[in-house]
Amino acid sequence: MLNASKGKSARREWLTFVDAASEPYRGAGHFAWHFARGKLRMDPVFRHLLGHGLIRPGTRVLDIGCGQGLLASLLGSAAALAREGRWPQGWGEAPVDVRVTGIELMPRDVQRARAALGALGTKAQIVCGDMRSTAFPSADAVVILDVLHYIGVPEQDAVLVRVRECLGDAGRLLLRVGDAAATRGFCASQWVDAIVSFVRGHRVVPAYGRPLSAWIARLESLGFDVQSEPMSEGTPFANVLLVASVAPGGADKT
Ligand SMILES: C[S@@+](CC[C@H](N)C(=O)[O-])C[C@H]1O[C@@H](n2cnc3c(N)ncnc32)[C@H](O)[C@@H]1O
């Protein structure tokens, strides 16, 4: 009984964040607003990032494949809630004063992101470009959520090398990937991604994965300490969040 009421109040608490982060999308069109609300409500990764304080205050964040800029909107609106004293007890530090740069391939998503983030009044910068060729600015945290599987494995590796180069000595990569070893969940997420990509008019199709152990080995070879956390609660997927911190003296071992 106590647990059920705790769960209810946690869900209500999270809805405040969902409402605040999706509100700026109203002016960016019906689809943009509904998509923002649905994604923030259903996808456990956003609450996890905030609740565990994985984006530290005052940091420079690079969000690669940022879509319509949901993470930037969430960080901006969460900081505003924190300033009003509405930061939930027991959560990690609030992400106040973070500066977000997003990189996104699809011009329509870039437009939606810029419209929403402009309405929110954040200083986020959204660059329209391909992660394979767009320069990465220096960053304290790089976030890549469900994006690398759109490009081939050698290209993924090239992006990861450049991510490591743009992170400082205390930097952190937050990378969500599908575990290709968990065949059923991985196929489910590839199908859903392909359908969503089609509906959103994207010309890229997700196709390339690798088993979790291979992701971790690759990141370790680049000098990261890696922790993994299942991150698809409430969905049929096999997604995992990799929290990869630059290891002390962590040079590229490739
Ligand atoms: C599944 S969506 C995830 C969006 C966002 N990371 C999120 O979690 O809300 C994948 C995004 O990656 C973008 N993308 C795919 N290939 C890309 C590339 N080569 N360069 C930049 N963005 C890319 C897609 O356009 C799409 O917006």
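Asp19 and Arg37 join their side chains in a salt bridge, with N and O 2.5 Å apart; the term covers a side-chain nitrogen of Lys or Arg within 4 Å of a carboxyl oxygen of Asp or Glu. This pair connects distant parts of the chain, 18 residues apart: Asp19 belongs to helix H1 (residues 2-22) and Arg37 to helix H2 (residues 30-42). Helices (H or I, at least four residues) and strands (E, at least two) are DSSP runs, numbered from the N terminus.

How exposed or buried are the two partners? Asp19 is partly exposed at 35% relative accessible area, whereas Arg37 is buried at 18%. Here buried means under 20% relative accessible area, exposed over 50%, and partly exposed in between (1.4 Å probe, protein chains only).

## How the model is read

Please keep in mind that this is a predicted model, in which local features need pLDDT of at least 70 and side-chain atom pairs count only at pLDDT 80 or more, while totals for chains, interfaces and linings use all residues. Residues are numbered from 1 along each chain as its sequence is written, and side-chain values use heavy atoms, leaving out hydrogens and water.

## Across strands and along a helix

Searching the whole structure gives 12 salt bridges. One of them pairs Asp140 with Arg60, whose closest N and O atoms are 2.9 Å apart. Because Asp140 sits in strand S4 (residues 139-145) and Arg60 in strand S1 (residues 60-64), the pair ties together parts that are 80 residues apart in sequence. Asp140 is partly exposed, at 26% relative accessible area, and Arg60 is partly exposed too, at 30%.

For a local example, turn to helix H5 (residues 107-120), where Asp109 and Arg112 lie three residues apart, about one turn of the helix. Their salt bridge has its closest N and O atoms 3.4 Å apart. Asp109 is buried, with a relative accessible area of 0%, and Arg112 is buried at 14%.

Asp43 itself is in the loop between H2 and helix H3 (44-51), and its 11% relative accessibility makes Asp43 buried.

Beyond neighbours within four places in sequence, Asp43 is in contact (heavy atoms within 4.5 Å) with Asp146 and Arg176. Within its own stretch of chain, the Asp43 side chain reaches the backbone nitrogen of Val45 at 3.0 Å.

Note on methods: A polar contact is a pair of N or O atoms within 3.5 Å; within protein, one must be able to donate a hydrogen and the other to accept it, and residues adjacent in sequence count only if both atoms are side-chain atoms.
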